[in-house]
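This report describes the architecture of a single protein model. Please consult the sequence and the coordinates alongside the text.

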Amino acid sequence: MTAISESEAQQLAKKFEHLQPPDILTWAGKQFNGKIALASSFGLEDVVIIDLIARSDAKINVFTIDTGRLHQETYALMERISEKYKIPVTIYFPDNATVEKMVNDEGINSFYRSSEARVKCCHIRKVDPLHRALAPLEAWVTGLRREQASTRSDIHKVEIDHVNNGITKVNPIADWTGDQVLEYIKKHDVPYNPLLDQGYVSIGCVPCTRPIEKGENPRKGRWWWEDEAKKECGLHLNFKK
Ligand code: SF4
């Protein structure tokens, strides 16, 4: 199921490089006609995109993944966003039997023990539910930005997601800076996670997220006990089980 081909995606990536996010979202909504959704973890970039979708007439749904280890502030924000924008948010959960087995076999916080254990937890709690969420779609939208991590420096605004059945991945703010994201939020009074004002720059699960010092690499706020090169949860990598 590929709504656009690899060569079409490459041409669109070139064409869209200097296009504004609302125009890219409008194109995506029309192109994939209801078979497209934003995968939101309710970080700063995601709330910006929700606001952009709400201001456009793009038919783009929103879903999230509840790993079972999220911050209370994230749950509160989900509700606030849903109410403000009148956008239903579909919530996907990990398979309960698989989580039970992992936790009972390996411990409640097995992810601190090794990179393999951490990746396994991310896979069970995030990647598997993501695959279920993406299965009926032809495209998904993300808030990925190139400057977020070395693993994201070459993302395009439109690309084929070879990890997820060759569906299309749309990254409308790929070239934005962190300051642009903050300016947008301020200008449009977009609700955001209050943990961000407490030094968290990257908000995921409670045990794997921490605040950082001013000037520190934002990725230090996640999985701080691991090498930088390994810091992806698998949602955006060619993950091998
Ligand atoms: Fe598990 Fe941590 Fe990954 Fe959340 S971020 S899924 S708790 S390893």
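Which residue of strand 6 does Ile160 stand opposite? Ile160 faces Thr168 in strand 6. The model discussed here is a predicted one.

The Ile160 and Thr168 pairing belongs to an antiparallel arrangement in which strand 5 (residues 158–161) is joined to strand 6 (residues 167–170) by 4 bridges.

Between strand 5 and strand 6 lie 5 residues, and the two strands form a hairpin. Asn165, located in the turn, has a positive phi of about 60°.

## The sheet and its helices

## Nonpolar cores

The largest nonpolar core contains 45 residues, and those with the most contacts inside it are Leu25, Trp27, Leu38, Phe42, Ile50, Ile60 and Val141. At least two residues of this core are supplied by each of several elements, among them helix 1 (6–16), helix 2, strand 1, strand 4, strand 5 and helix 7 (178–188). Helix 3 provides the largest share, 7 residues. A second, separate core of 11 residues includes Leu130, Ala133, Leu134 and Trp140.

Residues up to four places away in sequence aside, Trp27 touches Ile4, Leu12, Phe16, Phe32, Val158 and Val170.

Is Asp66 buried or exposed? Its relative accessibility is 9%, under the 20% limit, so Asp66 counts as buried. The residue is found in the loop between strand 2 and helix 4 (72–85).

The side chain of Asp66 makes a polar contact with that of Tyr75, at 2.7 Å. Beyond its neighbours within four places in sequence, Asp66 is in contact with Tyr75, Ile91, Tyr92, Phe93 and Pro94. Asp66 and Lys126 are 60 residues apart in sequence, with a C-alpha to C-alpha separation of 7.9 Å.

## Cysteines

How many disulfides does the structure hold? The number of disulfides is 0. Cys121 counts as buried, at 7% relative accessibility, and Cys122 is also buried, at 7% relative accessibility.

## Positive phi values

Most residues other than glycine have a negative phi. Against this background, Lys86, which is not a glycine, has a positive phi of about 55°. Lys86 is found in the loop between helix 4 and strand 3, and its relative accessible area of 70% makes the residue exposed.

Asp189, in the segment after helix 7, has a positive phi near 50° and is likewise a residue other than glycine. Asp189 is exposed, with a relative accessible area of 58%.

Terms used. Residues are numbered from 1 along each chain as its sequence is written. This is a predicted model: local features need pLDDT of at least 70, side-chain atom pairs count only at pLDDT 80 or more; totals for chains, interfaces and linings use all residues. Side-chain values use heavy atoms; hydrogens and water are left out. Two strands pair if DSSP finds at least two bridges between them. Buried means under 20% relative accessible area, exposed over 50%, partly exposed in between (1.4 Å probe, protein chains only). Contact means heavy atoms within 4.5 Å. A polar contact is a pair of N or O atoms within 3.5 Å; within protein, one must be able to donate a hydrogen and the other to accept it, and residues adjacent in sequence count only if both atoms are side-chain atoms. A disulfide is a pair of cysteine sulfur atoms within 2.5 Å. A nonpolar core is a set of buried Ala, Val, Leu, Ile, Met, Phe, Trp, Tyr and Cys residues joined through side-chain atoms within 4.5 Å.
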